[in-house]
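Student: I have a model open and some terms to sort out. Can we go through them one by one?

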Amino acid sequence: MEIIRVLKLFTIFQLMLFAFFVLFNKTGRMQSRLMLGLFLFSSSICYTFNLKGMTFPGFQFIRTLSWGFSFLLGPALYFYVRSIVNPSFILKTKHLLHGICFVLVTAVFPFTFDVLGEGTWVVSLGLIKYIHLAVYSVFAIRMLKRHRETVKNVFSTLQKKELSWLNHLIAGFLVVYGLFFLHYLNHVDTAFP
């Protein structure tokens, strides 16, 4: 079991390092780098505080904050795809509305966790979290598919490779969170071993 913990810590380190590299690298559009960096950073935070047996003892409050960060993953992925397929896209104040779930969960969840108990939160908020991720992922895939159809014969091979990488990112994201969803189902109901 110790090797699993080492691999998890290595994954967290890689996510943080890649987020740092993306945010402070001067190449590429700032909008894209910001969204990809937010996506990677949020992934590492979610992963860090959900490590069983590796959280801060007595600081359940800190662990519960990771649930809020899981509500940044979908919007960050969606806006990253949007900034890639539309080079003129600019983040505006109205886009902050996509972070309402993050703010609500971060503000409410840590204070009600002990009152309602872990079981209630895992069932209700967990399902909402995965639906939230699925909806944003579908929007990102649809946007990418529409863009691909629109520019099929216009852009160069380089643009197609960039979109291919983006397809792999979204597919990998969906596979990982699909596995997390199966783990969630097992946690909620043992009928899903």
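Student: What pattern does the protein follow, read along the sequence?

Tutor: This is a predicted model. Its pattern is α-α-α-α-α-α. The secondary structure comes to six helices and zero strands.

Student: Why is Arg33 called buried?

Tutor: Its relative accessibility is 12%. Buried means under 20%. Therefore Arg33 counts as buried.

Student: Where is Arg33 found, and which residues is Arg33 in contact with, leaving aside neighbours within four places in sequence?

Tutor: Arg33 is found in helix α2, residues 30–49. With those neighbours left aside, Arg33 is in contact with Val22, Leu23, Phe24, Asn25, Lys26, Thr27 and Gly28.

Student: What makes a set of residues a nonpolar core?

Tutor: Its members are buried residues of listed kinds, Phe, Val and Leu among them, joined through side-chain atoms within 4.5 Å. The largest such core here has 41 residues. Phe39, Val81 and Leu166 have the most contacts inside it.

Student: Which elements give two or more residues to this core?

Tutor: They are α1 (2–24), α2, α3 (60–85), α4 (100–116), α5 (118–150) and α6 (157–188). Helix α3 gives the most, with 13 residues.

Student: Which residues does Phe39 touch, not counting those up to four places away in sequence?

Tutor: Phe39 touches Leu73, Ala76, Leu77, Leu169 and Phe173.

Student: How much of the whole protein counts as buried?

Tutor: The figure is 37% of the 193 residues. The accessible surface comes to about 11,800 Å². Carbon and sulfur atoms hold 72% of that surface.

Methods:
Residues numbered from 1 in each chain as written. Predicted model: local features only at pLDDT ≥ 70, side-chain atom pairs only at ≥ 80, totals over all residues. Heavy atoms only, no water. Buried < 20%, exposed > 50% of the residue type's maximum accessible area, 1.4 Å probe, protein only. Areas by Shrake-Rupley, 256 points an atom, 1.4 Å probe, with all protein chains shown as cover. Contact = heavy atoms within 4.5 Å.
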